[in-house]
Amino acid sequence: MNTQSEASSRGRDKSESEVLERIEAVRARGPRLRDETVTLAHGAGGKASAALVQAVFIEAFGAPNPLELCDAAVLTLPTDESKGSRGPVQDGSARPRGLVQAASLGPLGLAQESSAASLGPLGPTGLAQEGSAASLGPPEAACGVGAEDSLGAAGPRIALSTDSYVVKPLRFPGGSIGDLAVNGTVNDLAVSGARPLWLSAAFVVEEGLPIALLRGVVADMRAAADRAAVTIVAGDTKVVPKGAADECFISTAGVGVVPPGRNLGAGQVRVGDAVLVSSALGNHGMAVMMARGDLAFEADIRTDSAPVNHLVEALFAAVPDTRWMRDPTRGGLGTVANELASASGLGVMLDEASLPIEPLVRGACDMLGIDPLYVASEGCFVAVVPVEAVAVAVAALRDAGATAATQIGQIVADPPGLVAVRNAFGGVRLVDMLVGDPLPRIC
Amino acid sequence: MRFVDEFRDPAAARSLLAVIEAQSDRLGRAFHFMEVCGGHTHTIYRHGLEHLLPEPIQFVHGPGCPVCVIPMGRVDDAVWLAGQPGVIFTTFGDMMRVPGTQGSLLQAQAAGADVRFVYSPLDALKVARDNPDREVVFFAVGFETTAPSTAVTLVRATALDVRNFSVFCNHVLIEPPLRAILDSEELVLDGFVGPGHVATVVGSRHFDFIPHEYALPIVVTGFEPLDILQAVEMLLAQYQTGRCEVENQYARVVRDIGNPAALALMEEVFEVRESFEWRGLGFIPRSGYAISDAYARFDAERRFAMPSIRVADPPACECGIVLKGLIKPWQCKVFGTACTPETPIGTCMVSPEGACAAYYNFGRLTRQTK
């Protein structure tokens, strides 16, 4: 009996493509959370993370579009005319309930603990809302930057992002938890189309941490903030008993302003568009892996941790109709490309030969059996631009210092909702969402 | 990258594919070649080789994924060991997510067990030396490929007189499952893409029984995409010229006599079990290694009173007939719906070398997607 007759004798009369369609139907239902306890996989940025976020956080908080979650919320502030005239926010949009301790922003130095920094003139927008975020009224929350027209007489748009950093070790070649905590949040704002302005920083410190180490980390934060041209305006410090945290965790939140005219989102992406990347992939993840020193080999790999806001500005200046952007941090290019594919319903076809991956990173990944497509970068972003703008976009990024910027793929109709990569000799394979975390605690 | 890019050269791939195309046309019939090793399965899907070859050339995925063949009862034992007071349980990362009846090691870790993943048994020995007040157990899995490194580790542990280290031995042999598949008569095969890594240890001659007793050709093969394409070309060439023999495509690494030093070491440290249970294949006589009496003090099975309860494979799971190559992964009843990489029912869906995981993660595209 050969495989064919065995298959039919078991009633396996479905064709391969029918099976694939059934699988896609199952996948379209979204991830389900079946675990009873949180495992490290829930923090890895892949399928389990998505399941946890959907089943626990989105379930409780809601989201304007649960299928397209972004690195930063873009919130449209009401104008004076609209303030109070809007009814309750529609179900599912972000409601800033009880946020009464927000900094009101300005170059005022640091607001400590729960006191609100009162914010001076908010850039060019002239907003000087004193006090709580609740007084901002019900904002329209959007993912990416939606068209302003749809909001009628809307006020300026701000982006709000928050992120926590638990990287181990605190220092690694080329960076530390400090610059990571600034760059990560700055970049989340930047790829949401915003110009980052202000950051808050909250520290959870384990007792026994040398002050000199903390001072060094904070100095790195200051240097990173200066480089990104943002100000750290509010902060908080908690010290916990030994063992209740591992040395030092940092949470940063950031606020930026979205200039008019920017329309980012998976809904903007069209078949034929080009996918770009600003720099080499995977350096951060492998640098931290090497820094832990528990591998049987060593390689001189440095983190790429850096702010990308000036690169994003250069791209917008060159290609105002840039469609979509994301920074491939935890979970890497493979994860963000999958987020794009599932949110747009289109396919992302990557070209393996054009992926910028440094030989040392590629070699280390090969030895560890890790796919570099899933390894984090921290000074890099992926963008989708109209195909006719590719040359202009790449040139603008390279002029702005992103010398490795290049096109890495294209938006395609088939396979819908999936990511695939074509290798140098024409073989095509799928790039799925990551399952499990080969590299825990890299950011 | 040197020594890798050479084996992924597009021009060489295209010319090999053209040769295979011509061979396939001339031979004018279908061929089913079993790639024995999970590493090959991974390469085939990772590089999209299945759809590059002419349609009459089909790969049948074999039993050589070390994670896939571990039965549930052994996973339960591992989870039990990990839960013992004072134990640090060390394992290759792949084994962390394999489900037993009491959950996986990953879940045991989340529940408080000290489970650590390591890249080699020597790393596990280092954990033991760094934690002299803890019992450190290493979850040893794998064919003759990885068995020597476990053996070396125990020789080292003896030399260093490490007293808090033991090995839960699940090493298996390649020949018995191949014979089981060849004897089953359910499957018509036309040849084997032979396991290159195993052959570095046992030697290409070890596979003489396949042409001699079963009249099928085998090409011992490396793990780069070009290696596998060349193996297909060599297998088809045997049919064209009427030969049937063991050939060694992986001669840059594999010798016909293998690695005598490694074999001698394994002889010293291990003894072949009367019988060992394989996931989906059942008990196969003389198919697994246990720790020898000389190294008994490092044997976790003697050191701990493990429950060792045999557990039947989950009824929905068809890993057995997937491992035997009787069905393609997507033909399994639960493939991709109830059984996915994030919620695996069977082991084939866990390891990146498992046929189901490789197909789900990389190959879930139709031939039309080009």
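What follows is a short chat about a predicted model with chains A and B.

Student: What is the strand order in the open sheet of seven strands in chain A?
Tutor: The order is E11-E13-E10-E14-E12-E15-E16, and the pairing is mixed.

Student: Which strands stand at the edges?
Tutor: Strand E11 (324–326) and strand E16 (428–430) of chain A do. Each has a single partner strand, so one side of each has no neighbour in the sheet.

Student: And what does the twist average from one strand to the next?
Tutor: The average is 25°.

Student: How many bridges join E12 to E14 in chain A?
Tutor: Four, between residues 347–351 and residues 406–412, and the two strands run antiparallel. Val348(A), for instance, has Ile411(A) in E14(A) as its bridge partner.

Student: What does helix H8 of chain A lie across?
Tutor: Helix H8 (residues 332–344) of chain A lies across E11, E12, E13 and E15 of that chain. Its direction is at about 150° to E12(A).

Student: Switching to the interface: how many residues of chain B are in contact with chain A?
Tutor: 43 residues of chain B, in contact with 41 residues of chain A. Helices of chain B that each supply at least two residues to that side include H1 (10–27) and H15 (355–363).

Student: What is that side of chain B like by class?
Tutor: It has 19 nonpolar, 15 polar and nine charged residues.

Student: Which residues of H8 in chain B are buried?
Tutor: Pro176(B), Pro177(B), Leu178(B) and Ile181(B). The buried residues of H8(B) pack against strands E1, E2, E11 and E12 of chain B.

Student: What comes just after H8(B)?
Tutor: Glu185(B), with a positive phi of about 60°.

Methods
Residues numbered from 1 in each chain as written. Chains lettered and ligands numbered in written order. Predicted model: local features only at pLDDT ≥ 70, side-chain atom pairs only at ≥ 80, totals over all residues. Pairing = 2+ DSSP bridges. Axes fitted to C-alpha atoms, helices over the stretch in contact; angles between N-to-C directions. Contact = placed C-beta atoms within 7 Å. Nonpolar A, V, L, I, M, F, W, Y, C, P; charged D, E, K, R; others polar. Buried ≥ 20, exposed ≤ 12 C-beta atoms within 10 Å, placed from the backbone.
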